[in-house]
Amino acid sequence: MNKKTIREKILTDIKDRLAIEQYGDENIEQYSFRLIYSFLGKIILANLWNENGDNLGEGIIDNELKNVLHNAILGYKQLFSDMSLEKFLNENKIIDDILTDYLETGFVRKIHRKFNPVPFEKAIKENIVFVRGISVKERVKFSGLGTYYRDEAKIYNNSKSVEQLFMLPEYTFKQLYSHFNSQIFSENISREMLLSNSEFLVTWKIESKKWWTNDFQGKDKKLNLLRIGSVKGKELYYLFRGRNYKKGVQLSSKLNLTNDKGYYSIRLALLNERGIAPKIEYINKDSCVEIKSTFALPKRENAFIRVYSWPILGSKSRLMTKEVFSACKVIFEEMGYIIEEVSS
């Protein structure tokens, strides 16, 4: 068999296994990339349940799993050497990205340098059953790296919500703002602290995209956020009202304020209250949806969208099946996001 015949046979096999159809206006390179991308996810999930070498029980050592993926990608690069998609199969980046998204959404867990499987769980939204873990009874489809199937019955007893399953916020931006607005703003913020690496969250409209500034320009009477400290992960965060940034309430360290896990959601709540609603933009195509969000999403929400979508070659946009997008649209709108269709 020549290379073209082998390639067609492999792609057809992946298509049938993972139930991934080619979109109407999609070229063969993008479709091939989507099939390979999803199958890399399938390889990861399959290897979690194998006893391999010195491994006892389920799971696989991180270096062994990365070697399996590395060899698979090298094989695909050779098979598609006459296509431009070969340059997009960067082994290290694509492996790290996929594993990060799987870990963040709970598709896999990592304990002591070993990737482990998770129990079979499912949650339903808008007739879409989001699935995590392995069950021989379920015939799942792939959207990106994520597994799901469609079920019109909508009858599930004692099942988790999608928000619980993927650790997404179970509160709206308005609820979060209301919670913090009810706090007692009685703590004095000393002049010395204000002069020591203090920054204000930008909650007013400016042309640049910067988040923090030393020059506070807020003019309304709503909540604002102050950050003090220069050591990442050890900053102090204070909420205050209006322009009175000398009195506030310190946010609890239990909110996990490092990186974007804690204050990011608070930032969105503050922006949403001012009518600067976080927005996800998309293009509705014949058989899929192209997500063109220009708004930086919190880590968890971003990983959820990434895991259920495919990268587009040479673009920052993502592709998602229409049925999965319909469910995701409801999930994010319930949080408070604006989901807006735009023209291509």
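Helices H2 (residues 28-47) and H4 (residues 91-105) pack at an angle of about 60 degrees, their axes lying 11 Å apart; the two are therefore oblique to each other. Angles under 35 degrees count as roughly parallel, over 145 as roughly antiparallel, 65 to 115 as roughly perpendicular and the rest as oblique. Axes are lines fitted to C-alpha atoms over the stretch in contact, and angles run from 0 to 180 degrees between N-to-C directions. Helices (H or I, at least four residues) and strands (E, at least two) are DSSP runs numbered from the N terminus. The model is predicted: local features need pLDDT of at least 70 and side-chain atom pairs pLDDT 80 or more, whereas totals for chains, interfaces and linings use all residues. Residues are numbered from 1 along each chain as its sequence is written, and side-chain values use heavy atoms, without hydrogens and water.

On the H2 side, Phe33, Tyr37, Leu40, Gly41, Ile44 and Leu45 meet Ile94, Ile98, Leu99 and Tyr102 of H4, contact meaning heavy atoms within 4.5 Å.

Strand E14 (residues 279-284) runs parallel to strand E18 (residues 338-341), joined by four bridges, and Glu281 stands opposite Glu340 in E18. With strand E15 (residues 288-291), E14 pairs in the antiparallel sense over three bridges; pairing requires at least two bridges found by DSSP. Asn284 has Val289 in E15 as its bridge partner, and a hairpin of three residues joins E14 to E15.

Ser198 lies in strand E9 (residues 198-201). Its relative accessible area is 9%, so Ser198 is buried (under 20%; exposed is over 50%, partly exposed in between, with a 1.4 Å probe and protein chains only).
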